[in-house]
Amino acid sequence: NSHFDIDILCSFSSVKPIAGYDISVKTHVSVWHPALYTYILASDKGRVKEIEKTLPDFAVKMYGTWAREEIIFELQPLQDIHLRSHLKEEISANSDIAYVYIISGIAFLVLVIACINFMNLSTSRSAARAKEVGVRKVMGAQKKQLIGQFIFESTAFSFLSLVVAAAFVEVFLPVFNKFTGKDLSLELLTNPEVLTGFLLLIIFVGLFSGSYPAFYMSAFRPVRVFRGMNFFRNSGSLLRKILISLQFAITVILIIGTFVIRDQMGFIRNKRLGLNKDQVLLININDASIQKKYELFRNELGLNTNINSVSFSTELPFMDTPAEWVYRTAQTPRGDFPTMFMNGVDYDFIKSMNIELLEGRDFKKEISTDLKSGYILNEAAVKELGWEEPVGMEFGRDPIKYQHLAVKELGKVIGVVRDFHFTSLHNAIDPLALFVDPHAYLPYRYIIVKTKAENISDTIEFIENKWDELAPYLPLEYSFLDDGFMRQYRSEEKLGNTFGYFTFLAIIVACMGLFGLISYTVEQRSKEIGVRKVLGARVTNVVTLLSKEFLKIVLISNAIAWPAAFYAANRWLEQFAYKTDITITVFLFSSLAAVLISMITVSIQTIRAANTDPVNSLRNE
């Protein structure tokens with residue numbers, strides 16, 4: 001697995017007749033927008049730093065002395081690219097190691113909840129094993145032997161749980177792979193690293209869940225046990241309450257996290273992008289002959305009444321990062337090499353994308369100077385340049401740097417558009433300049449077709465027929481802009497779904513523990529409940545009495561969860577330049593959900609206990 005997926009390998013000389021230019025020639029490669037990716041195989045890891053030190057001299061050799069300050073080469077391990085590299089112009093969309101840590105952390109928290117259940121139920125049921133501990137001590141068992149016994153039991157439970165879990169994973173792994181888009185396998189017995197990790201997990205769970213019950217029960221004194229003193233009835237109750245509070249605090253954190261991710265994804269879907277991404281069909285121009293016939297293809301598509309407009313672009317919103325060019329204005333000091341994102345488009349690009357023009361005018365074919373010397377800037381570019389009246393100002397690609405592109409003099413700004421999102425909402429809107437020049441950096445690589453909402457399938461069939469007339473040897477590759485927009489947030493969507501599943505699992509596990517604990521509490525207080533009913537207590541009085549203590553615990557857990565959830569949510573949202581607000585409603589709703597779930601769990605047992613005939617609980621007294 002790597003950050004690129006190779007279907008075909010071919011030489012530069014093979015590409016030239018297809019692409020229409022020689023990609024290996026230096027003059028066709030902008031150093032700010034690399035068309036090539038360089039991989040270095042070092043003789044050993046220790047030499048990587050030495051190689052890196054030689055790269056500035058290499059830049060000077062290739063581009064001149066100015067490159068020493070302007071170009072920075074950095075090497076990174078191949079294995080780090082997919083999860084740890086967040087550079088522009090990666091070959092494919094990267095993931096983030098943070099999501100691996102987040103999902104692993106959630107799994108760990110759910111495991112902690114299960115361990116807390118084991119600790120709570122073991123200590124609360126200690127009365128059942130008190131005499132066993134007493135007899136063992138009388139027979140000469142030492143405390144460390146008892147501790148070892150209880151830890152061994154918890155570790156055995158952990159091992160059995162692993163066996164059951166492995167069976168479940170084997171059954172549900174195909175479903176999980178379909179959900180994640182991965183091809184994972186368990187490899188429990190064939191992969192030593194996985195096997196070692198699971199063995200360490202068994203030991204951790206066994207020690208963590210069994211340590212407190214072991215120390216707690218091994219401390220029982222035989223004399224007090226055999227006298228029937230229920231000294232252990234309230235012993236450890238404070239710790240059990242703390243553990244339950246921690247359990248539900250984790251659950252509330254997960255619920256809040258699920259809602260925050262949901263709100264952010266909703267914000268992304270509804271955010272005004274400054275362009276219209278709906279009903280925009282994108283066609284990849286992957287052939288030199290099509291690139292030469294793009295005007296003919298535009299005219300052919302214009303015959304269809306279901307097509308509103310057709311335009312061309314070198315880079316696409318949400319799918320590419322524009323090229324970064326050295327620009328120059330009349331005010332730029334010589335020797336400075338400021339850069340800005342620029343994109344080569346055609347005359348109808350702004351119209352097709354429904355981008356709002358704030359000042360000046362759009363590109364026009366009738367005005368010959370618009371070709372190569374007319375520029376339209378976004379608001380961010382105007383702000384960076386510090387111009388109050390940008391229309392008419394001199395601006396252009398540096399004529400010294402790009403002489404091979406026939407840029408001999410500065411052009412003029414003919415218009416200003418409202419800021420629109422060219423990349424994902426993770427990034428702030430950068431300064432951007434648009435210009436008309438089909439051969440400025442690369443030939444047009446994309447056809448942008450703005451269609452009507454109805455008869456989409458007929459429109460696509462019409463486009464395919466026209467494509468076949470021009471390039472019958474080449475399949476039509478197309479996609480929709482809104483799909484490209486949402487592909488940027490696949491990791492976040494999967495994280496949100498994963499959060500939801502984990503939260504559901506955490507709620508079930510926490511409720512199981514609470515259900516077991518309330519069952520034990522009801523059992524311990526059955527005679528008290530019988531006496532209260534004989535003295536006239538109603539069902540509602542008994543339910544309130546038993547529920548009140550657990551309600552306090554759940555409310556305390558919410559107070560613990562809120563600061564932790566707020567901090568975690570803020571940290572996650574920091575990766576977005578544009579993000580939703582964290583409202584108090586999310587916290588209140590999450591807390592209310594936790595309270596209702598816990599109260600339903602408690603009420604099932606308390607109502608049953610309150611409706612029990614007091615004769616059954618008091619007849620042995």
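## A charge over a ring

Lys271 lies over the face of Tyr578, at 5.1 Å from the ring centre; a charge counts as sitting over a ring if NZ of Lys or CZ of Arg is within 6 Å of the ring centre and within 35 degrees of the ring normal. The model is predicted, so local features need pLDDT of at least 70 and side-chain atom pairs count only at pLDDT 80 or more, whereas totals for chains, interfaces and linings use all residues. Residues are numbered from 1 along each chain as its sequence is written, and side-chain values use heavy atoms, with hydrogens and water left out.

## Aromatic pairs

The structure holds 16 aromatic pairs, a pair being two rings of Phe, Tyr or Trp (its six-membered ring) with centres within 6.5 Å, and planes under 30 degrees apart counting as stacked, over 60 as edge-to-face and the rest as tilted. The rings of Phe420 and Phe422 have centres 6.1 Å apart and planes at 50°, so this pair is tilted. The rings of Trp572 and Phe576, with centres 5.3 Å apart and planes at 65°, are edge-to-face.

Phe420 is buried at 3% relative accessible area (buried means under 20%, exposed over 50%, partly exposed in between, with a 1.4 Å probe and protein chains only). Phe422 is buried at 7%, Trp572 at 9% and Phe576 at 2%. Tyr327, Tyr375, Phe395 and Phe435 form one aromatic cluster.
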